[in-house]
Amino acid sequence: MADKNTKKAKRAVRRRRRVRGKVFGTAECPRLTVAKSLNNIFVQIIDDEEGRTLIGTASNAKDIKTELKDDMSKVDVAKLVGQAIARKAKEQGIETVVFDRNMYLFHGRIKAVAEGAREGGLKF
């Protein structure tokens, strides 16, 4: 069983490296990266030249929790997080970003974050 999980983890690392090899954020066009756990979704806007996070939010952040409703699915919450990160980026003057899906497929919650950020006014 451990061998199966080791292979799975190695494939995930290869996918992550493949995506990150093609995506690089600058000061003018930073990287919007997405990570997820079983219950939450985390989004950051990163400037890779300086190696620092400009903005970050998550589904368990205080400002997001106030907007959540009981009947929302994980995909709806992810879309809300995407809209929140776009709103914060606009406040700091960030218009365009490069989307980093990490090791995940562009599907489900990852796609919902991207759609929410686009609706919020970010350009990919």
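## The hairpin and its neighbours

A hairpin of four residues takes the chain from strand S1 to strand S2. Helices (H or I, at least four residues) and strands (E, at least two) are DSSP runs here, numbered from the N terminus. This is a predicted model: local features need pLDDT of at least 70, side-chain atom pairs count only at pLDDT 80 or more, and totals for chains, interfaces and linings use all residues. Residues are numbered from 1 along each chain as its sequence is written, and side-chain values use heavy atoms, with hydrogens and water left out.

S1 covers residues 31-36 and S2 residues 41-47, and they pair in the antiparallel sense over six bridges. To count as paired, two strands need at least two bridges found by DSSP. Across this pair, Arg31 sits opposite Ile46 in S2. S1 also has a parallel partner, S4, joined to it by three bridges; there, Thr33 stands opposite Asp100.

The largest nonpolar core holds 25 residues, and Leu32, Ile41 and Ile45 have the most contacts inside it. Such a core is a set of buried Ala, Val, Leu, Ile, Met, Phe, Trp, Tyr and Cys residues joined through side-chain atoms within 4.5 Å. S1, S2, H3 and H4 are the elements that give two or more residues to this core, with H3 supplying the largest share, eight residues.

Which residues does Ile41 touch? Leaving out residues up to four places away in sequence, its contacts (heavy atoms within 4.5 Å) include Val34, Ala35, Ala78, Val81, Ile110 and Val113.

## Helix H3

H3 runs over residues 74-91. With 18 residues at 1.5 Å each, H3 should span 26 Å, and its end C-alpha atoms are 26 Å apart, which agrees. The expected span is 1.5 Å times one less than the number of residues.

Buried means under 20% relative accessible area, exposed over 50%, and partly exposed in between (1.4 Å probe, protein chains only). Among the buried residues of H3 are Val77, Ala78, Val81, Ile85 and Ala89. Their cover includes S1, S2, strand S3 (52-58), helix H2 (62-65) and H4. After H3 comes Gly93, with a positive phi near 85 degrees.

Where does Asn102 lie? Look in the loop between S4 (98-100) and H4 (109-119). Asn102 has a positive phi of about 65 degrees although it isn't a glycine. Is Asn102 buried or exposed? Asn102 counts as buried because its relative accessibility is 10%.
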